[in-house]
Amino acid sequence: MIENKIRGGLYGLLIGDAVGVPYEFNPPDLLPSYHEIDMIPPQGFRKTYPEIPVGTWSDDGAQSLCLLASLLYCGKYEELDFANRLCNWFQYGYMAIDYEVFDVGVQTAQALRRYKEGGEISQIANRDEYSNGNGALMRTLPLALWHKGSDEQLIQDAYAQSHLTHAHIRSKICSALYCLWARYLLSGNDVNEAWDKSVKKLNLVYKNRTEELKEFQEHISPIPEELTGSGYVVDCLHSARFSLQQTTFEDVIKTAVKLGQDTDTTACVAGGLAGIIYGYDELPKTWLKLLKGKEIVEPLLLSLEQHLRVNH
């Protein structure tokens, strides 16, 4: 049932983020053993954010909910509305648990500060090759869950939502690939089949678009030699794909966290897709129970389900 997958996707993203938060910035060898990784870290482990309560999502979850709320309110991707919601999150903790903002990505913070200082909205993001963190990728799933348009329109909107804070073509393509991947999972393909279909689709779309084709084939679609769980957008995408080879939601999240470094985002990016694959009913009950902020999520999910039922 599609509602079970949609619900699973959104909650999977938030749970992955929340499980990863306490372990962030640690290399794999400083993390607890695979079996000890949990939403409540084992005794004696020094949490990255000791003051943040268990079950709290970070900037990944908050920005994803900002995007979803904006799409539902505007009925389309509207950059001004989305930018304003991100600023409300950044300044006042909109969509954050207990209005507490922590773990803000450098590129997103820079872009939002430029916007607040009156910068032209299409120019606030860095465009250089070294500005390819995973801050746009981590929040893009709601676009795929909400979208009713063609694959080409979905790609275009994925580019647009990335452009706001991550304007280099590499970040945009990664967001587009992820959205297509989510869409094909929603329609019942398995994880690798959906990935292959997404790669094939982008190769087709870029057939006469030389710069994008070169970027995609040289920098994004090849599997990296080593997976490091880093915050680099391509690494994050492939780390999530590696984690998704597991056969339960819980193992996907533990595998993502065990890669170390940007643990919350790798687990969030993998968790959103794992939630689609296994559905809400298969999410670990203990993690769901520990997750904070359901009163923020539920109204958005109801609106999303209503939107998808209309003329679908």
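Analyst: Two residues are in contact when heavy atoms lie within 4.5 Å. By that rule, and skipping residues up to four places away in sequence, His163 touches Ser122, Ala125, Arg127 and Lys172. This is a predicted model; local features need pLDDT of at least 70, side-chain atom pairs need 80 or more, and totals for chains, interfaces and linings use all residues. Residues are numbered from 1 along each chain as its sequence is written, and side-chain values use heavy atoms, without hydrogens or water.

Stay with His163 for a moment. His163 belongs to helix 6 (helices are DSSP runs of H or I, at least four residues, numbered from the N terminus). Its relative accessible area is 16%, so His163 is buried (under 20%; exposed is over 50%, partly exposed in between, with a 1.4 Å probe and protein chains only).

Asp151 lies in helix 6 too, which covers residues 151-163. Asp151 is also buried, at 16% relative accessible area. Leaving out residues up to four places away in sequence, Asp151 touches Leu180, Arg183, Tyr184 and Lys201.

Now go to the core. A nonpolar core is a set of buried Ala, Val, Leu, Ile, Met, Phe, Trp, Tyr and Cys residues joined through side-chain atoms within 4.5 Å. The largest one here has 99 residues. Ile15, Trp181, Leu237 and Leu273 touch the most other members. Helix 7 (residues 169-186) gives this core its largest share, 13 residues.

Which residues does Trp181 meet, beyond its neighbours within four places in sequence? Trp181 is in contact with Val191, Ala194, Trp195, Ser198, Leu237, Arg241, Leu244 and Leu273.

Helix 7 also packs on helix 8 (residues 191-205), with axes that come within 8 Å and cross at roughly 130°. That angle makes helix 7 oblique to helix 8 (under 35 degrees is roughly parallel, over 145 roughly antiparallel, 65 to 115 roughly perpendicular, the rest oblique). Axes are lines fitted to C-alpha atoms over the stretch in contact, with angles from 0 to 180 degrees between N-to-C directions. On the helix 7 side, the contact uses Ile173, Leu177, Leu180, Trp181, Tyr184 and Leu185. Helix 8 answers with Val191, Ala194, Trp195, Lys197, Ser198, Val199, Lys201 and Leu202.

Helix 10 comes next. This helix spans residues 233-243 and is mostly covered, with 10 of its 11 residues buried. Among the buried ones are Cys236, Leu237, His238 and Arg241. The buried residues of helix 10 pack against helix 7, helix 8, helix 9 (210-220), helix 11 (249-258) and helix 12 (263-278).

What about the cysteines? The structure holds zero disulfides (a disulfide is a pair of cysteine sulfur atoms within 2.5 Å). For Cys87, the nearest cysteine sulfur is that of Cys66, 9.8 Å away. For Cys268, the nearest is that of Cys236, at 7.9 Å. Cys87 is buried, with a relative accessible area of 5%. Cys268 is buried too, at 1%.

For contrast, look at His35. His35 sits in the loop between helix 1 (2-20) and helix 2 (59-74). With a relative accessible area of 69%, His35 is exposed.

Notes: Helix = DSSP H or I, 4+ residues; strand = E, 2+ residues; numbered from the N terminus.
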